[in-house]
Amino acid sequence: MQYKKHKPIPISIPISDSPIVFCSVIATFCHESRHHQTSAPKQTPLSVNIGKMAVNSLVKSLVGNRTLTFGCNGNANVDINQFEELVLALKEALGPSSGLTSDDVDVKQLTQLMLDYKSNEKEWSRFAMGDASRGYTRNLVDEGNGKSNLLVLVWSPGKGSPIHDHGNAHCLMKILRGNLTETRYAFPDENSEGEEPMRVISERTHRENEVAYMADELGVHRVWNQGSDFAVSLHLYTPPNVARGGCHIFNPETGKKSHVKKCGNYSAYGRLLKEE
Ligand SMILES: [Fe+2]
């Protein structure tokens, strides 16, 4: 017998802090519901495929005894936007006291959260506003209670950023689409009288779903898109020093730096911003 697909059914489930108990409740509910609506045999096995992050989110959503809506159609399919989950997880990882200075940030934990997310364009596309006339656009996703800046950057084909520093902040970059090439340079010698080309430390291409870390102690860098289509990346800056105080950009031929007061955003929370 082919089972009918059912519309999502609103139910209330008792609060539980155990994902296993919670999944078991969902499985039992779907099984019973399917039996009553399709005359399917009760012993029909039912699998519940829910990722770890989704389970955590679902358990959290039960706090306050709210009603949860989901559908039963052979599997218990729970449609969770994993990108939104990542945004929340990053904010949570920064916590109530961390992120205010550069020293109390657990970069490993933040990196792992970014690595765990598998890019799905449908989940982040509303933030990714590109503009081929610019090297790249900065699209604000979240400000992490004022402790960070989370941005989706859309890189125009064949273009990129100038060489820049990071205002004594941590920068994590996850590639959401395409490839991005990163060229790192040594900080120019501030005491040097003359002008000389900047020294390249390394160059590598980051591919979709990879995560890269950058900070001033590693030098300065430029990022560019060598591809023929737009590339997209997710950037976490903590603390949000560059958004507040700007950054420096560097001339690769002379090593001379100049201060950029503010790196403006092209859009915020999925809405295009007016030109400043
Ligand atoms: Fe950067």
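So, a residue counts as buried if 20 or more other C-beta atoms lie within 10 Å of its own, exposed at 12 or fewer, and partly exposed in between, with C-beta atoms placed from the backbone. Hold on to that for a minute.

What you're looking at is a predicted model, where local features need pLDDT of at least 70, side-chain atom pairs count only at pLDDT 80 or more, and totals for chains, interfaces and linings use all residues. Numbering starts from 1 along each chain as its sequence is written.

The chain has 276 residues, and 28% of them are buried. You'll find six helices and 16 strands; those are DSSP runs, H or I of at least four residues for helices, E of at least two for strands, numbered from the N terminus.

Okay, helix H3, residues 82–94. Its buried residues are Phe83, Leu86, Val87, Ala89, Leu90 and Leu94. Looking down the axis of H3, they fall within an arc of 165°, so they line one face of the helix. That arc is taken from the directions from the helix axis to the C-beta atoms. And who's covering them? Helices H4 and H5 are among the cover, along with strands E4, E5 and E12, going by contacts, meaning C-beta atoms, placed from the backbone, within 7 Å. Just after H3, glycine 95 has a positive phi of about 70°.

Now over to strand E13, residues 247–250. E13 runs antiparallel to E6, with two bridges, and antiparallel to E14, with four. Pairing here takes at least two DSSP bridges. Phenylalanine 250 sits opposite isoleucine 163, and its bridge partner in E14 is lysine 257.

Key
Contact = placed C-beta atoms within 7 Å.
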